[in-house]
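I opened this entry to log what I looked up in the model.

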Amino acid sequence: MKKTTLIKILLLIAYCVPFAFLSVNGDATSGTMLFYGVMIVGFALLCWGAIKTNNVAILYIGNVISFASSYGIAKLSGLEPMGHYFKPFTSYGLIIAISVVAIIIQTVIVLICARRKGGRSE
């Protein structure tokens with residue numbers, strides 16, 4: 001198996017972690033924001049890995065996988081909507097919002113890195 005194929009597979013497997021669900025569930029059950037920090041670090045490392053290995057498409061596919069696993073696990077686990085706790089969102093709405101913001105931030109990072117890389121070659 002080629003090294004690049006192995007890297008892509010490992011990145012996709014790492015993106016299967018339901019980061020948004022773990023953050024929302026951790027916040028709801030233990031009342032700490034620590035899990036959001038873990039999510040940010042996880043997404044940052046995966047974004048950095050995808051950019052460094054020139055696998056930007058994996059970054060977007062992985063974010064969709066992470067969102068799907070987060071939303072699916074939230075539904076299967078019976079995570080309560082908790083609209084009173086996550087105002088103005090429900091827990092499901094917060095998972096969607098976190099996933100969208102993560103993709104937007106990672107896209108901005110990819111564009112900045114592409115600009116810097118393009119600026120060096122001129």
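**Fold and helix notes**

I read the chain along its sequence and got the pattern α-α-α-α-α. That is five helices and zero strands, taken as DSSP runs (helices H or I, at least four residues; strands E, at least two) numbered from the N terminus.

I noted the ground rules next. The model is predicted, so local features need pLDDT of at least 70 and side-chain atom pairs pLDDT 80 or more, while totals for chains, interfaces and linings use all residues. Residues are numbered from 1 along each chain, and side-chain values use heavy atoms, without hydrogens and water.

I checked overall extent. The C-alpha trace spans about 55 × 35 × 20 Å along its principal axes. Of the 122 residues, 32% are buried (under 20% relative accessible area, 1.4 Å probe, protein chains only).

I turned to H2, residues 19–30. Its 12 residues reach 16 Å from first C-alpha to last, close to the 16 Å expected (1.5 Å times one less than the number of residues). Phe19, Phe21 and Val24 are among its buried residues, as is Asp27. Gly31 follows H2 with a positive phi, near 70°.

I then looked at H3 (residues 34–52) and H4 (residues 56–77). Their axes come within 8 Å and cross at roughly 150° (lines fitted to C-alpha atoms over the stretch in contact; angles from 0 to 180 degrees between N-to-C directions). That makes H3 roughly antiparallel to H4 (over 145 degrees). Phe43, Cys47 and Ala50 in H3 meet Val56, Leu59, Asn63 and Ser66 in H4 (heavy atoms within 4.5 Å).

Definitions and conventions. Parallel < 35°, antiparallel > 145°, perpendicular 65-115°, else oblique. Buried < 20%, exposed > 50% of the residue type's maximum accessible area, 1.4 Å probe, protein only.
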